[in-house]
Amino acid sequence: MDNTVGYIHSYATSKDGRFLAAPAEGAIRLYDLRTGEVVRRIETKGADVSYIAFSPNGRWMAAATSLGSLRFWDTTTGREVHAIADAP
C-alpha cells in the first residue's frame, strides 16, 4: 500500500461544468465530470503546476508552472499551442 500524501495546489473547472483539470505526476489530467473518466493527460514537461484556467468556451487551457512559464493547450487535442518562458 502506498502511503504517499499528495497535494493539489490548483484545479479548474470549465465554465460549462463538463471538465475538471488537475495537476498530477508531471501532467494535467482532464476529467469528464459527467463520467469521472480521465479523458486526457497533458504533459507539463516536468514542471509542477501552480495555476490552471480554462478559456470561457473551454477549448483552451492555460497553466502557470514552477519553472516560471505559462503554457497553453487545445483541450480537444491535448496539443500545446503556445508557451511563454520566464513569465512574470
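Visitor: Which residue in S8 is the bridge partner of Leu-70?

Guide: In this predicted model, Leu-70 has Ile-84 as its bridge partner in S8. That bridge belongs to the pairing of strand S7, residues 70-74, with S8, which runs in the antiparallel sense over four bridges.

Visitor: And what sheet do those strands sit in, in which order?

Guide: The sheet is an open one of four strands, ordered S5-S6-S7-S8, with antiparallel pairing. S5 and strand S8 (80-84) are its edge strands, each of them pairing on one side only. From one strand to the next, the twist averages 15°.

Visitor: Over at the S5 end, how many bridges hold S5 and S6 in their pairing?

Guide: Strand S5, covering residues 49-54, and strand S6, covering residues 60-65, pair over five bridges in the antiparallel sense. Among the residues involved, Val-49 has Thr-65 in S6 as its bridge partner.

Visitor: What about the link between them, and which residue there takes a positive phi?

Guide: The hairpin of S5 and S6 has five residues between the strands, and Gly-58 is the residue with a positive phi, near 80°.

Visitor: Changing topic: how many residues are in the largest nonpolar core?

Guide: The largest nonpolar core has 12 residues, including Ala-12, Phe-19, Ile-42, Val-49, Ile-52, Phe-54 and Trp-73. Two or more residues come from each of strand S2 (19-24), strand S3 (27-32), S5 and S6.

Visitor: Which of those gives the most?

Guide: S5 does, contributing three residues to this core. As general background, nonpolar side chains tend to be buried together in soluble globular proteins.

Visitor: Take Ile-52, then; what does it touch, sequence neighbours aside?

Guide: Not counting residues up to four places away in sequence, Ile-52 touches Ser-10, Tyr-11, Ala-12, Ala-21, Ala-22, Pro-23, Ile-28, Met-61, Ala-62 and Ala-63. Of these, Ala-12, Ala-21, Ile-28, Met-61 and Ala-63 are also listed with Ile-52 in the largest nonpolar core.

Visitor: Which residues is His-82 in contact with, beyond its sequence neighbours?

Guide: Leaving aside neighbours within four places in sequence, His-82 is in contact with Leu-70, Arg-71 and Phe-72. The C-alpha atoms of His-82 and Arg-71 are separated by 6.0 Å, although the two residues are 11 residues apart along the chain.

How values were computed:
Residues are numbered from 1 along each chain as its sequence is written. This is a predicted model: local features need pLDDT of at least 70, side-chain atom pairs count only at pLDDT 80 or more; totals for chains, interfaces and linings use all residues. Side-chain values use heavy atoms; hydrogens and water are left out. Two strands pair if DSSP finds at least two bridges between them. Axes are lines fitted to C-alpha atoms, for helices over the stretch in contact, and angles run from 0 to 180 degrees between N-to-C directions. A nonpolar core is a set of buried Ala, Val, Leu, Ile, Met, Phe, Trp, Tyr and Cys residues joined through side-chain atoms within 4.5 Å. Buried means under 20% relative accessible area, exposed over 50%, partly exposed in between (1.4 Å probe, protein chains only). Contact means heavy atoms within 4.5 Å.
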